[in-house]
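Student: I have a model open and would like to go through it with you. Could we start with the overall layout and then move to the details?

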Amino acid sequence: MRLPIIYNLDKGLSNGTTSSIKGILTSANLISASFLGVFCLTCDRLAQTAACRRNRVFAALLDNFTHGIIGSWTWAVVLGGNLNSTKNLRQIILAGILASCMDVDHFLAARSIHLKDATSLQQRPLFHMTTLIPVIAIISEIIICASGLHRLHYFPYLFTLSWFSHHIRDATRRGLWLWPFGSTPPVPYGMYIGLTLVLPFLIAILMSITGSPIHAVELHRVLHRVGGIQQV
Ligand SMILES: [Zn+2]
């Protein structure tokens with residue numbers, strides 16, 4: 001498996017961060033990221049067409065589809081483009097679902113199942129708050145460590161990537177909502193494309209630097225010590 005995560009629970013950090021970064025920056029991964037840029041440009045161009053603007057349902061479906069594919073695609077880049085295992089495919093599908101289903105908060109905030117209500121909100125719905133991402137990521141990390149489910153160590157990173165990719169794309173219209181600090185101005189279109197392409201590499205490098213899942217194991221031990229439970 002060509003995962004960029006280089007930590008082996010038995011052997012420790014085997015190759016070092018430098019070699020893992022080389023593993024991430026493969027030509028296949030860079031080409032894949034470039035095609036992702038073409039995909040974003042194509043979908044966004046399609047969304048600007050008069051036919052799409054006229055049809056609210058089609059526009060919403062296209063928007064949701066684009067978010068989902070970006071989520072899946074970026075996580076596939078994190079995984080080094082390795083689609084040969086069921087585990088990786090499950091993670092890629094999960095990333096897409098998280099990136100696209102985030103917009104369910106429009107309906108929850110509108111308390112309506114009607115698209116017109118969901119897209120006519122005066123305020124931005126909760127899941128679009130960017131400062132919520134690190135909070136959920138840290139809470140999920142603590143839950144994973146406390147419950148000993150170290151095989152899910154990838155989840156906080158996958159979640160961060162999925163939701164942040166969605167936020168960046170939405171930010172071209174309304175900026176990033178950084179409650180309680182306010183909102184940024186709308187993100188320039190080129191910056192959105194650039195961040196979308198760079199983000200999976202940053203996440204993969206972050207996973208290598210944090211030595212995941214070593215920190216998950218350590219945090220699990222700390223939590224058990226704090227809880228007065230015998231260390232596993
Ligand atoms: Zn959205």
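Student: How many helices and strands does the secondary structure of the protein chain come to?

Tutor: This is a predicted model, and in it the protein chain has eleven helices and two strands. Read along the sequence, the pattern is β-β-α-α-α-α-α-α-α-α-α-α-α.

Student: And what share of the residues counts as buried?

Tutor: Of the 232 residues in the protein chain, 30% count as buried. As for contacts between residues at least 6 apart in sequence, 62% of them join residues that are at least 24 apart.

Student: Okay, which residues have the most contacts inside the largest nonpolar core?

Tutor: Those are Trp75, Val78, Ala95, Leu161 and Ile203, in a core that has 31 residues. At least two residues of this core come from each of α2, α4, α5, α9 and α10, and the largest share, seven residues, is supplied by α9.

Student: Let me pick Leu161 from that list. What is Leu161 in contact with, leaving aside neighbours within four places in sequence?

Tutor: Leu161 is in contact with Thr74, Trp75 and Val78, with Ala95, and with Leu199, Pro200 and Ile203. Among these partners, Trp75, Val78, Ala95 and Ile203 are also listed with Leu161 as the residues with the most contacts inside the core.

Student: Now α4. What distance does α4 reach from its first C-alpha to its last?

Tutor: Helix α4 covers residues 56-78, which is 23 residues, and reaches 33 Å, close to the 33 Å expected at 1.5 Å a residue. Just after α4, Gly80 takes a positive phi of about 75°.

Student: Which residues of α4 are buried, and what covers them?

Tutor: The buried residues are Thr66, His67, Gly68, Ile70, Gly71, Ser72, Trp73, Thr74, Trp75, Ala76, Val77 and Val78. The elements covering the buried residues of α4 include α2 (27-47), α5 (86-101), α9 and α10.

Student: Switching to helix packing, at what angle do α2 and α10 pack?

Tutor: The angle between α2 and α10 is about 145°, and their axes are 10 Å apart. The contact involves Ala33, Leu36, Gly37 and Cys40 from α2, together with Ile193, Thr196, Leu197 and Pro200 from α10. Sorted by class, the contact of α2 with α10 has six nonpolar, two polar and no charged residues.

Student: And is the crossing left-handed or right-handed?

Tutor: α2 passes α10 in a right-handed crossing.

Student: What about Arg111, what phi does it have?

Tutor: Arg111 has a positive phi of about 50° although it is not a glycine. Its place is in the loop between α6 (104-110) and α7, and with 8 C-beta neighbours inside 10 Å Arg111 counts as exposed.

Student: Last one: where is Leu121, and what does Leu121 touch?

Tutor: Leu121 is in the loop between α7 (115-118) and α8 (132-147), and, not counting residues up to four places away in sequence, Leu121 touches His106, Ala109 and Ala110. With 14 C-beta neighbours inside 10 Å, Leu121 counts as partly exposed.

Definitions and conventions: Residues are numbered from 1 along each chain as its sequence is written. This is a predicted model: local features need pLDDT of at least 70, side-chain atom pairs count only at pLDDT 80 or more; totals for chains, interfaces and linings use all residues. Helices (H or I, at least four residues) and strands (E, at least two) are DSSP runs, numbered from the N terminus. The expected span of a helix is 1.5 Å times one less than its number of residues. A residue is buried if 20 or more other C-beta atoms lie within 10 Å of its own, exposed if 12 or fewer, and partly exposed in between; C-beta atoms are placed from the backbone. Two residues are in contact if their C-beta atoms, placed from the backbone, lie within 7 Å. Axes are lines fitted to C-alpha atoms, for helices over the stretch in contact, and angles run from 0 to 180 degrees between N-to-C directions. A crossing is left-handed if the near helix is turned anticlockwise from the far one by less than a right angle, and right-handed if clockwise. Ala, Val, Leu, Ile, Met, Phe, Trp, Tyr, Cys and Pro count as nonpolar, Asp, Glu, Lys and Arg as charged, and the others, Gly among them, as polar. A nonpolar core is a set of buried Ala, Val, Leu, Ile, Met, Phe, Trp, Tyr and Cys residues joined through C-beta atoms within 7 Å.
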